[in-house]
Amino acid sequence: MILGKSIRIYLKEGSVTGIKFAEVVNQTIQSLSCPRTKISELNKHFPKEINTQGVYFLIGFEEATGKQIVYIGEAENVWDRLKNHDSKKDFWNEVIVFTSKDDNLTKSHIKYLESRIVEIANETKRYGLKNGNNPTLSSL
């Protein structure tokens with residue numbers, strides 16, 4: 001038997017093109033999505049959700065081909081890592097972050113998730129992968 005799930009989405013500016021916060025009700029996972037132009041607002045409005053460990057996707061387009069590309073990463077403090085990417089990586093225009101509501105993700109969890117997500121991205125070939133290396137699969 002398949003059970004339904006409720007997803008709660010908060011549109012900070014009242015529009016799907018702005019900052020979005022989502023969570024699966026009664027689950028530990030939460031997500032933030034933000035256009036690069038509003039990246040500085042994440043820490044101001046969602047400090048608890050962004051100053052923690054998690055996995056993230058930097059999404060953009062390849063200039064020469066127009067093909068969608070993604071960089072998949074993990075960090076012990078996602079906000080610090082995003083600030084670094086904002087100043088050093090030019091290709092992306094949107095970020096999606098996944099963290100835990102209750103700080104239940106450990107470094108091993110996020111390294112495992114990053115590795116599996118990169119593996120799945122390589123298999124599906126939906127986006128060009130911008131990662132320079134393939135992360136190793138950590139054991140849990």
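Asn26 counts as exposed, at 76% relative accessibility; exposed means over 50% relative accessible area, buried under 20%, and partly exposed in between, with a 1.4 Å probe and protein chains only. Before I continue, please note that this is a predicted model, in which local features need pLDDT of at least 70, side-chain atom pairs count only at pLDDT 80 or more, and totals for chains, interfaces and linings use all residues. Residues are numbered from 1 along each chain as its sequence is written, and side-chain values use heavy atoms, with hydrogens and water left out.

Where does Asn26 lie? It is found in the loop between β2 (20–24) and β3 (29–35). Helices here are DSSP runs of H or I with at least four residues, strands are runs of E with at least two, and both are numbered from the N terminus. Asn26 has a positive phi of about 65° although it is not a glycine. As background, most residues other than glycine have a negative phi.

The strands on either side of this turn form a hairpin with 4 residues between them. β2 and β3 pair in the antiparallel sense over 4 bridges; two strands pair if DSSP finds at least two bridges between them. Within that pairing, Glu23 has Gln30 in β3 as its bridge partner. β2 also runs antiparallel to β1 (residues 7–11), to which 5 bridges join it, and there Ile9 stands opposite Ala22. Of the 5 residues in β2, 4 are buried.

I turn now to helix α4 (107–124). The helix has 18 residues and reaches 26 Å from its first C-alpha to its last, close to the 26 Å expected at 1.5 Å a residue; the expected span is 1.5 Å times one less than the number of residues.

Which residues of α4 are buried? They are Ile110, Glu114, Ser115, Val118 and Ala121. Seen down the helix axis, these fall within an arc of 135°, so they line one face of α4; the arc is that of the directions from the helix axis to the C-beta atoms. Their cover includes β4 (54–61), β5 (68–75) and β7. On the other side of the helix, Glu123 and Thr124 are exposed.

Just after α4, Lys125 takes a positive phi of about 55°. Lys125 is exposed as well, with a relative accessible area of 61%.

Finally, Asn104 is found in the loop between β6 (92–100) and α4. Leaving aside neighbours within four places in sequence, Asn104 is in contact with Thr28 and His109, contact meaning heavy atoms within 4.5 Å.
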